[in-house]
Amino acid sequence: MLEILNDHDFENFRKLIYDESGITFSATNRSILDSRIKELLRLKQVQTPAEYYGMVLRNPEELKVMLDSVTTNLTRFFRNQPHFDALVNYVIPNIIAEKKALGVDKTIRIWSAGCSTGEEPYTIAILMKEICPPDFKFQITASDISLKSLMVGQKGFYTDTKVDGVPSQYLAKYFTKVEDGYQVKKELMDTIRFDYHNLKNDSGARNLDIIFCRNVLIYFDEPAQLAVINRFYNSMGKHSYLYIGHSESLFGMNTKFEFLKTQWACLYQKNEK
C-alpha cells in the first residue's frame, strides 16, 4: 500500500500526537497512523497531509477529532475475568473492611481510565451493584480521549454480539432487550459518569480507591508511562488499588506502587501509612 505520509509529515504528526497525548507512533506502527490520516483526509475533503496538519494546529476541536481517530478502542464486557474475580473476592472486601474500621466515608470511588465504549465501567458497575453492602455507595468515573467512544458508553446501547460476555443472569437484570441489541437499564447507567479526559493531564480526582487503566499504557513510551502512573498515585487514597493490562507491567519503573499477587490476579497497590 502506498503511504500517504512522507517522512516529514510523519514526524510532524508523530510529535504533535505525542506532545498532546503521550501516545507514541514509531516505525513499527507507522502504517496505523498513515491509514488513520488517510481516512481523515477523505472525510475532511483535504488534499494533502500538510494541509490537514495546518488545520489541526489552528483548530483545537480538530485536534480532538484527530486524537480520537488515532486511538484504538478494543474492549468487551468482563474482559480478563480474573481481574474482576480479584475485585469481588479481594479488593472490595478489603476496602470495605478498612473503611468500616476507620469509620470513614462509606463511598467507594472508582476510575475507569481509557474506558473506550463503556463495557469496562458497566462491568464494574454490575459487580458493585451485586456486592456493595446497603450502607455503602459507589461512584464510577469513566474517561477516554475518544469522544465517539464516550458517546457509545453514555447511550448504553450494545448489539447482540457486544453483550456475548455478559452472564445471562446479569443480562436479564441490568439490560433491556430492544431491537438489534440491548439497552443498559437506567439504574446502572446512573452509577457512571462519562467524561472526556486526556491522560497527559491531571484529572483533578483525589482519594480514589480503585483505578482501572488496562491496555492503555502500551501506547505510551516509558517517560509518558511513568508520568501517567505518578499522576494516578497522587490521585489515589492511602490504601488503594491499580489495575493495568495483563501484558503491561510497572517492573523497572521508579514508582511507589507495590506489586500485589492475589489468588485470582496480579495488580498494584498504594499502601501509605
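## Tyr 219

In this predicted model, Tyr 219 sits in the loop that connects strand S7 (208-213) with helix H10 (222-235). Tyr 219 is partly exposed, since its relative accessible area is 31%, a value that falls between the limits of 20% for buried and 50% for exposed.

Tyr 219 and Phe 157 are 62 residues apart along the chain. The distance between their C-alpha atoms is 27 Å.

## Glu 120 in helix H6

Glu 120 belongs to helix H6. With a relative accessible area of 7%, Glu 120 is buried, because the value is under 20%.

The side chain of this residue has a charged class, and a polar contact links the side chain of Glu 120 to the side chain of Arg 214 at 2.8 Å. Leaving aside residues up to four places away in sequence, Glu 120 touches Thr 75, Ser 112, Phe 212 and Arg 214.

## Two residues with positive phi

Most residues other than glycine have a negative phi. Ser 116 is not a glycine, yet its phi is positive, at about 55°. Ser 116 is found in the loop between strand S1 (107-113) and helix H6 (119-131). The relative accessible area of Ser 116 is 5%, so this residue is buried.

Asp 180 also has a positive phi, of about 70°, without being a glycine. Asp 180 lies in the loop between S4 and S5. Is Asp 180 buried or exposed? Asp 180 is exposed, with a relative accessible area of 56%, because that value is over 50%.

## The sheet of S3, S5 and S4

Three strands make up an open sheet, in the order S3-S5-S4, with antiparallel pairing. Strand S3 (157-159) and strand S4 (175-178) are at the edges, and each of them pairs on one side only. On average, neighbouring strands of this sheet are turned by 30° against each other, direction ignored.

Strands of a sheet pair through backbone hydrogen bonds, either parallel or antiparallel. Here S4 and strand S5 (residues 181-184) run antiparallel and are joined by four bridges. Thr 176 has Gln 183 in S5 as its bridge partner.

## Helices H1 and H2

Helix H1 (residues 7-21) and helix H2 (residues 30-44) have axes that come within 11 Å and cross at roughly 95°. H1 and H2 are therefore roughly perpendicular to each other, because the angle falls in the range of 65 to 115 degrees.

On the H1 side, the residues in contact are Asp 7, Phe 10, Phe 13, Arg 14 and Ile 17. On the H2 side, they are Arg 30, Leu 33 and Ile 37. Sorted by class, this contact has five nonpolar and three charged residues, and no polar ones.

## Helices H3 and H4

The axes of helix H3 (residues 49-58) and helix H4 (residues 60-70) come within 5 Å, and their crossing angle is roughly 120°.

Tyr 52, Met 55, Val 56 and Arg 58 in H3 meet Pro 60, Glu 62, Leu 63 and Met 66 in H4. By class, the contact between H3 and H4 has six nonpolar residues, two charged residues and no polar ones.

Terms used. Residues numbered from 1 in each chain as written. Predicted model: local features only at pLDDT ≥ 70, side-chain atom pairs only at ≥ 80, totals over all residues. Heavy atoms only, no water. Pairing = 2+ DSSP bridges. Axes fitted to C-alpha atoms, helices over the stretch in contact; angles between N-to-C directions. Buried < 20%, exposed > 50% of the residue type's maximum accessible area, 1.4 Å probe, protein only. Parallel < 35°, antiparallel > 145°, perpendicular 65-115°, else oblique. Contact = heavy atoms within 4.5 Å. Polar contact = N/O pair within 3.5 Å; in protein donor to acceptor, adjacent residues only side chain to side chain.
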